[in-house]
Amino acid sequence: MSETPIDVEETPFAADVTKLDTVPDAPDEFGTRQRAQRSPGDSIVALLRWAWYSLTSMRTALILLFLLALASVPGSILPQRGSTDSFKVVQFYAKHRTISPWLDHLGFFGVFGSAWFSAIYLLLFISLAGCVLPRSRRHLKAMRSRPPAAPRNVSRLPLSASWRTGEDVDTALANAHSFLRAKRFRADRTASTVDAEKGYLRETGNVLFHLSLLVVLAGIAITSFFSYSGTALVKVHDGFTDTAIDYDSLTHGPLVNVAKLPPFSFNLDSFEATYQRGGSGNGDANSFDAHVSWQPNLRAPMRTRDISVNHPLSTQGTNVYLTGHGYSPHFVIRDGAGRTFDEVTPFLPQQGTFQYQGVVKLPDAKPSQLGISGFFLPTAGADPTTGMPISIFPAADNPAVVISVYSGDLGLDNGVPQSVYTLDTSKLKQQALTEMHPGDTITLPNGLGTVTFVGYDQWAAFQINHDPGKQVVLGAVSAMVLGLLFSLGIRRRRMWVRATPDGAGRTLVEVGGLTRTDVSGNFDDEFARVVSSLQASITPLGPQETQGSADPLPVSRHEED
Amino acid sequence: MPVDVGLAKLSNDLIAGGIVAYAVGFLGFAVDAAFGNHAATDRVGYRTSKRAATAAVAARVPAMAGAGAEADFGTPGITSDLRLEESHGSASTADSAGVAGGAGSSSSDLAGSRSDWLMRRVGVGAVVATIVGWLLEGGSIVSRGLAVHRLPWGNMYEFTLALTFASVTAFLLILSRQPVRYLGVFLMAPVVLALGLAVLVLYVPPAPLMPALHSYWLAIHVTAAIIASGVFMVGTAATMMFLVADRYAVATTAGKPVRFAALARMMPDPETLDRTAYRTFAFAFPIWTFAVIAGAIWAEYAWGHYWQWDPKETWAFITWIVYAGYLHARATAGWRGRNAAYVAMLGFATIIFNFFIVNIFISGMHSYAGV
């Protein structure tokens, strides 16, 4: 194969070195040959062969590579479902009503899971496999075989040198052989030459890099089949056990047994947040720390640790990340029938403010169902322009709630699922609107009962991920970097030493060198060093004796282009 | 910890000085490229330089002293361009040895010796000004970092400083090994423009970072991205020059007139430019790969998923693909040369897009690292 999706390293070293000049620009060998074969009478096998060769050709691989880049672009510009900003898809839909259904139909709101995106990368990986596997085999074979034999005319190589010496042929070759071996060349001695090659790690790195890409794909496949990911909001003093029921939301791959999740559990003992006070970043969070006690399984002893941003808890391949935090106001409600309800309900942070919004629902209250909707203000203050109560700082310096209390029908009995964070007020009647501080109690009109704001607690939001594919991916990408360093940093070079008696009792020593020109490093220098070291052990006759010889410029460089 | 106002001001003053020095360096490189005679000789010396290299290989093999050892030839491979006398020595010796011949050599011989001397000084001056600018910019970055008690690459202003610093560093490092002074014009122009943009448009007063960015992965991931982008920028300058020089070479061979001929004539041969570009890209590509991987590892720690197709991630991936495409294209018949060069230009365009368009217009999980 003259064209492969991997760096065409082979061609400059094609067996017949004298053809060096033409080989790198040779036309696609398979393309032309197969095109010639494609006559109407051809069998389906030939067509398949042609398809396979076309798919694994370098040109196809390059086109697929660029298609992959191009296909990623809409995914970065249009809002995507399943990402953190999936609500933007809805906004986009509302804004562009005519085009959105089309875009949706074509998968533009889920580019990276769409059929066409998958088709591109799967074709690319097939093309890659079709090329890299045979190439690995060839490389393994090359590493086991002896270095290529010297070309007929060593002095016509890109780099060459020659001199006459008093040593006999055997001594000269033995010296050259041991010297090149010491320089870590793979060297092989024949009757009249030493053939040596160095830099096999380049191709090793090349193959390693491309094989690793295949392993990355395998890792991604493992992820999509065996991973699960969920979120849970945990109040301080509450616990979490890794069972499906404890998750607020849970997504998992098709091969995950949800009944058998890792049996760890933890308890949120306390939560600590610090904020910047004063200055331009007033109120910006400095640190979040969730202090938890946890156990990997029910029989293991409890241990404590902190979970903070960038420092997840890891156990049994599962990571627990801290993703958010907020307050849970604590209300005690006594209904008209004298029954008390003790409610600690998480309120969610409101974007762009220091306020937390939430709802308390009491479907069992008598004589009428009760609902509370409102805000928790960690540091209550007055809005300088409107005088309305707002929160002026995220830490709970002066906690207060601003709530409306409703009575009537909460709408929970008709079976339609409802968010626990919103109140459907269509069948409710507002009974009170008030600001309360810890310890305050209000009495509702019409004998509906009383509401006491006791105080507050905190909660933390966790994301729990299990992804057995990611270790595979990490290992593979590490190998990728290593492979890249070898394949881009090491050059493969060949040297040949030929010694022949010149018929006048002396020995003519010819040294030739061959490498690729564009890799970093300087083979000219290395070649010159090797030649001068060789001359230390294979002593040239004095300059006066070489005068007038056939080689006036003993070291010469033939340009490859 | 509060921001150190004095150091912050020092940082701003230093970068202002740095921009001035870079601008002087750019002008010096431009004058040197436009009026220096070496350009013409190098140009003709496309063949010349190879012969000179041949002779130099001979010169460095002690036993062969007879052939050409009386002249201490510089070669493109080892001579620092800072040692101007020597590299000129090599070119003009080659000329006088009669290897070069043809048009252009006439201007370089005896007639221009005085302006040659002046131009050499201009060339050295440009390099010195660039080094001064580099030191000032480095000082500005360090003092900003000390002022805010963190690595100063947390927003677009700081990132632009770090990026240009990285690319000038790469340029100076290559310059200390190879005669690539010709890159100065094409590199310093975007550097000065980018810094001007940073100071006038992107500037934000120094401030601490939000907690999500408190991680040593910030240092690893962003530093790698900066170094890779900086080196890509140098390669892009070489690629731009390659495109101009190659068009000129093709047109002259065909005997056609060509626009910007004067610009092309001051450049080295296309092969040299192409090779320089390739080496820089081949150096930066593994670093970019590492930067993307380090970002994924950090994302795994911070967000719980190593890859979420966040716009910034997506564009880093696109950049990676395009440069991977370049490396392959360069090894493929029918793609090498101009086509590969276009791919390389596209690669840098994706970096620019990621930096300006994605940061400013597209929101994602990297948004806090933006303006």
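**Group meeting: a walk through chain B**

Hi everyone. Let me begin with contacts in chain B: among those with a separation of 6 or more, 79% join residues 24 or more positions apart. Please keep in mind that this is a predicted model.

What is the secondary structure of chain B? There are 12 helices and zero strands, so if you read along the sequence you get α-α-α-α-α-α-α-α-α-α-α-α. Chain B has 371 residues, and 56% of them are buried.

The largest one holds 144 residues. Which residues have the most contacts inside it? They are Ala228(B), Met241(B) and Phe281(B). Helix H8 of chain B, residues 216-254, gives this core its largest share, with 20 residues.

Now, on to a helix pair. In chain B, helix H6 (residues 156-175) packs with helix H7 (residues 183-202) at an angle of about 165°, and their axes are 9 Å apart. An angle over 145 degrees counts as roughly antiparallel, which is why H6(B) is described that way relative to H7(B). The crossing of H6(B) past H7(B) is left-handed. On the H6(B) side, the contact is made by Met156(B), Tyr157(B), Thr160(B), Leu161(B), Thr164(B), Ser167(B), Val168(B) and Phe171(B). H7(B) contributes Leu183(B), Leu187(B), Val191(B), Ala194(B), Leu195(B), Ala198(B) and Leu202(B). Sorted by class, this contact has 12 nonpolar residues, three polar ones and no charged ones.

My last stop is Arg338(B), which sits in helix H12 of chain B, residues 338-361. Is Arg338(B) buried or partly exposed? A buried residue needs 20 or more other C-beta atoms within 10 Å, and an exposed one has 12 or fewer. Arg338(B) has 15, so it is partly exposed. What does Arg338(B) touch, not counting residues up to four places away in sequence? The answer is Leu243(B) and Asp246(B). With Leu243(B), the separation in sequence is 95 residues, yet C-alpha to C-alpha they are 6.7 Å apart in space.

How values were computed. Residues are numbered from 1 along each chain as its sequence is written. Chains are lettered from A and ligands numbered from 1 in the order in which they are written. This is a predicted model: local features need pLDDT of at least 70, side-chain atom pairs count only at pLDDT 80 or more; totals for chains, interfaces and linings use all residues. Axes are lines fitted to C-alpha atoms, for helices over the stretch in contact, and angles run from 0 to 180 degrees between N-to-C directions. Helices (H or I, at least four residues) and strands (E, at least two) are DSSP runs, numbered from the N terminus. Angles under 35 degrees count as roughly parallel, over 145 as roughly antiparallel, 65 to 115 as roughly perpendicular and the rest as oblique. A crossing is left-handed if the near helix is turned anticlockwise from the far one by less than a right angle, and right-handed if clockwise. Two residues are in contact if their C-beta atoms, placed from the backbone, lie within 7 Å. Ala, Val, Leu, Ile, Met, Phe, Trp, Tyr, Cys and Pro count as nonpolar, Asp, Glu, Lys and Arg as charged, and the others, Gly among them, as polar. A nonpolar core is a set of buried Ala, Val, Leu, Ile, Met, Phe, Trp, Tyr and Cys residues joined through C-beta atoms within 7 Å.
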